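Colleague: Please take one part of this model and walk me through it closely. I would like the contact between the two chains, followed by what lies behind it.

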Protein chains: 2
Amino acid sequence: MRATEQAEPAPRRRRGRPGHDQSAILRAAVELFNRRGYDATSMGDLAKELGLTKPAIYYHVTSKEQLLGQALDDALDELTSVVTEASTERAGVTAYQRLREVVRRSVEVLVAHQQSVTLLLRVRGNSEVELAALSRRRWLDDRLAALVADAVAEGSLRDDVPPALVSRLLFGMVNSLVEWYRAEGAYDQAMVADAITTIAFDGLARHES
Amino acid sequence: MRATEQAEPAPRRRRGRPGHDQSAILRAAVELFNRRGYDATSMGDLAKELGLTKPAIYYHVTSKEQLLGQALDDALDELTSVVTEASTERAGVTAYQRLREVVRRSVEVLVAHQQSVTLLLRVRGNSEVELAALSRRRWLDDRLAALVADAVAEGSLRDDVPPALVSRLLFGMVNSLVEWYRAEGAYDQAMVADAITTIAFDGLARHES
DNA sequence: CCTACCGATCGGTAGG
DNA sequence: CCTACCGATCGGTAGG
């Protein structure tokens, strides 16, 4: 409603209100999918949220499931990048250091892509799209478990807990932050990453030293 | 189809197939709700799973939402019992001891009531029933945060991480087990509880001592 | 981008 | 008049 709007150069061959491109629809969709659940969110809900009609949504998007798939791919691409780098052996870098690094960088991804990661963590496998996402996710879990096993094997992690169990619990703790983290809240990303690494690697108990 | 069936004492005034009481329907419903999601599960799916018709389900149950509410109450009642006991101050028992105890007993509840707790942890607040459950869950979270704060105050937990953050991460790790724990799997309940308390309180890192 | 719809399926209930 | 269901269909709404 600003006066300057009329002075803007004419958009080339665009009718209707602008600003509702695919990515804006995707953002709104993922937010609704997380707030109410994928199945409980109708395309009509999404349209209303965007101030559009339902058919207008389908001008930009081919299906509800496509929106889900794009969000899951976004989360999986980011996590794959982090895990792949951490899984790569490098001269002079221990598995323990790479494990700490992947925890820290995972927190960064969860914060920066919280909406799509949240969606990923709730996938049940109800469709081809969801099954494909679960498959990619299992690959990530396997890599992380192998990294934990390497850290145990090199002697830097305690060996009295099964590595596969350590991996599940450690990244269970990391992943849980999508349930409560708010960017505008009391804790910033670095603080959360520090808290997780401190708890996981050094423990909560205060030891007299 | 066993021959002995005909020899059983006549059920008193029961026609139709027996064995589909409220609790059996609830068990099947919760299992389906978790496997496919609440909204993605139709009462027809549930009927098929039980070998009944949909109206037969409604003879035992007043609504789909009632099934959800009963499962959530089951989980919340168990967790409330555990948290209430752990929150009660007792002579000669430190907050640290009560915190370790509530972690261990939470694992027991998550294993024994995994289906209903899983459902609880996925509630989004889409209905009155879900909002009521979220309210009870917040009460539990607040009690646990207070217990962590007490343990820090008495000097038994490190004070360089905010207690509210510790509480979220610690029980985030505990709760994450509903995502992968299987009773028939490699780890029993006690092993998981030991692993969680070891990681959380003593840390993963191997320190030369 | 909208109005006007479709095939199907939803949770829940009628009579018997 | 009861318990335990069935075949069919209700009013609405889903994705498209």
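Modeller: What follows is a look at the interface, then at the chains behind it.

The model is predicted. Start with the symmetry. Chain B superposes on chain A by a rotation of 180°, with 0.1 Å of shift along the axis and an RMSD of 0.1 Å. That is the relation of a two-fold axis. The interface agrees with this picture in its residues: 100% of the interface residues of chain B are also interface residues in chain A, so the copies meet through the same surface.

Now the extent of the contact. Chain B contributes 42 residues and chain A contributes 43 residues. Between them the two chains bury about 4,000 Å², and 62% of that lies on carbon and sulfur atoms. On the side of chain B, the residues that lose the most area to chain A are B:Arg158, B:Leu169 and B:Leu204. Together they make up 18% of what that side buries.

Two salt bridges are counted between chain B and chain A. In one of them, B:Arg206 pairs with A:Asp159, and the closest N and O atoms are 3.8 Å apart. The cut-off for such a pair is 4 Å. Across the same interface, 16 residue pairs are in polar contact.

Which helices of chain B each supply at least two residues of the side that touches chain A? They are helix H1 (22–36), helix H8 (163–175) and helix H9 (189–202). H9(B) gives the largest share of that side, nine residues. By type, the residues of the side of chain B that touches chain A divide into 22 nonpolar, nine polar and 11 charged.

Stay with helix H9 of chain B for one residue, B:Thr197. B:Thr197 has 4% relative accessibility and counts as buried, because buried means under 20%. Its side chain reaches the backbone oxygen of B:Asp194 at 3.0 Å. Leaving out residues up to four places away in sequence, B:Thr197 touches B:Arg100, B:Val103, B:Arg104 and B:Asp202.

Chain A has nine helices and zero strands. Along the sequence the pattern reads α-α-α-α-α-α-α-α-α. Of its 209 residues, 45% count as buried. Among contacts in chain A with a separation of 6 or more, 66% join residues 24 or more positions apart.

Helix H6 of chain A, residues 114–121, deserves a stop. Seven of its eight residues are buried, so the helix is largely enclosed by the rest of the structure. Those buried residues are A:Gln114, A:Ser116, A:Val117, A:Thr118, A:Leu119, A:Leu120 and A:Leu121. What covers them includes helix H1 (22–36), helix H4 (64–87), helix H5 (95–112), helix H7 (128–153) and helix H8 (163–175) of chain A.

Where does the side chain of A:Gln114 reach? One contact is with the backbone oxygen of A:Val178, at 3.1 Å. Another is with the backbone oxygen of A:Tyr181, at 2.9 Å. Beyond its neighbours within four places in sequence, A:Gln114 is in contact with A:Val109, A:Leu177, A:Val178, A:Tyr181 and A:Arg182.

Finally, the charged pairs within each chain. Side chains of opposite charge can pair when their charged atoms come close. Over all chains the count is 22 salt bridges. In chain A, A:Arg35 and A:Glu31 meet at 3.0 Å, N to O. Both lie in helix H1 of chain A, four residues apart, about one turn of the helix. A:Arg35 is partly exposed at 38% relative accessible area. A:Glu31 is also partly exposed, at 26%. Elsewhere in chain A, A:Arg158 forms a salt bridge with A:Asp160, with the closest N and O atoms 2.8 Å apart. A:Asp160 is exposed, at 51% relative accessible area.

In chain B, B:Arg90 and B:Glu101 form a salt bridge at 3.8 Å, N to O. B:Arg90 lies in the loop between helix H4 and helix H5 of chain B, and B:Glu101 lies in helix H5, so the pair ties together parts that are 11 residues apart in sequence. B:Arg90 is partly exposed at 31%, and B:Glu101 is partly exposed at 22%. Back in chain A, salt bridges that share partners join A:Glu31, A:Arg35 and A:Glu49 into one network.

Definitions and conventions: Residues numbered from 1 in each chain as written. Chains lettered and ligands numbered in written order. Predicted model: local features only at pLDDT ≥ 70, side-chain atom pairs only at ≥ 80, totals over all residues. Heavy atoms only, no water. Least-squares fit on C-alpha atoms with pLDDT ≥ 70 in both. Contact = heavy atoms within 4.5 Å. Buried area = accessible area lost by both parts, 1.4 Å probe. Salt bridge = Lys/Arg side-chain N within 4 Å of Asp/Glu carboxyl O. Polar contact = N/O pair within 3.5 Å; in protein donor to acceptor, adjacent residues only side chain to side chain. Nonpolar A, V, L, I, M, F, W, Y, C, P; charged D, E, K, R; others polar. Buried < 20%, exposed > 50% of the residue type's maximum accessible area, 1.4 Å probe, protein only.
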